[in-house]
Amino acid sequence: MTLSSETHSLFKATESRRSIYQLNDKTPISKDDIIKIVEHSIKYTPSSFNSQTTRAVVLFGDDHKALWELTAEEVKKVAPGDFAPTQAKIDGFAAGAGTVLFFEDQSIVKSLQERFSLYADNFPVWSEQTDGMVTYAVWTDLSVEGVGANLQHYNPLIDGRVAEKWNIPSDWLLRSQLIFGGIDAEAGEKDFMPVDERVLTFGA
Ligand SMILES: Cc1cc2nc3c(=O)[nH]c(=O)nc-3n(C[C@H](O)[C@H](O)[C@H](O)COP(=O)(O)O)c2cc1C
């Protein structure tokens, strides 16, 4: 039996997701549809013990710009030497249409550690894995709709400023920033290791 057309569509979606760094603020889909994608991904992505630890904050317009302004301020405090290249990079993020901030709710992680002490060491790891899966789902769904995105990690440097500005609950730990927008330049070629060196198969 050959793979179904639905699977081929999923394969195409997987392949379409790339890191797009040259973004503009004009997305081919509406703000409401972007929010729908974030909500759908966060709802249907699995989590250990169905703990649903991932949280997201979606910033558009002035709020998106404010995020990258405060990020530049915080990076400047710790970056030695010429700040111009870093400022240019951050300006590139600000040029996009918005940012999804991903968090993991540590109050749930802690309560699971207390309730299931046998797995105490695993819950923070599973929380990170869930965060990665939600991020991937959002990133892939956006790419299917022609919205470009790239993933950044200015946490923990910006955690305090972000919490203050958007009144983030103290248990929400910032994990990443997914910047999205219209695509000004497609991603370049990407190298792939031979898949048969990465996937081993045994049995009939
Ligand atoms: C867990 C994870 C963390 C990443 N962190 C960053 C990052 O901090 N900054 C960045 O520019 N790209 C980051 N990336 C993007 C990767 O560099 C990129 O996905 C990889 O080179 C493959 O390219 P592609 O996304 O175009 O397929 C990250 C990707 C993953 C999966």
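Which residues in α3 are buried? Here's a look at that helix, the annotated domain and the ligand site.

## Ground rules

This is a predicted model, with local features needing pLDDT of at least 70, side-chain atom pairs counting only at pLDDT 80 or more, and totals for chains, interfaces and linings using all residues. Residues are numbered from 1 along each chain as its sequence is written, and side-chain values use heavy atoms, leaving out hydrogens and water.

## Helix α3

The buried set in α3 is His64, Ala66, Leu67, Trp68, Leu70, Thr71, Ala72, Glu74 and Val75 (buried means under 20% relative accessible area with a 1.4 Å probe, protein chains only). These residues pack against β2 (54-60), α4 (84-94), β3 (98-105), β4 (148-152), α7 (159-166) and β5 (172-185), with contact meaning heavy atoms within 4.5 Å.

As for length, the 18 residues of α3 (residues 61-78) should span 26 Å at 1.5 Å a residue, and the end C-alpha atoms are 27 Å apart, which agrees (the expected span is 1.5 Å times one less than the number of residues).

## The annotated domain

An unreviewed UniProt entry annotates residues 15-181 as "domain: Nitroreductase"; such annotations may be inferred rather than shown by experiment. That stretch is 51% helix and 20% strand (DSSP runs of H or I, at least four residues, and of E, at least two).

## Around the ligand

Residues around the ligand, with a heavy atom within 4 Å, include Arg17, Arg18, Trp139 and Lys190. A polar side-chain atom of Ser19 sits 2.7 Å from a ligand oxygen, while a side-chain N or O atom of Tyr21 is 2.8 Å from a ligand oxygen. Leu151 uses a polar backbone atom, 3.0 Å from a ligand nitrogen. Taken alone the ligand exposes 620 Å², and the protein buries 52% of that (Shrake-Rupley method, 1.4 Å probe).

Technical notes
Buried < 20%, exposed > 50% of the residue type's maximum accessible area, 1.4 Å probe, protein only. Polar contact = N/O pair within 3.5 Å; in protein donor to acceptor, adjacent residues only side chain to side chain.
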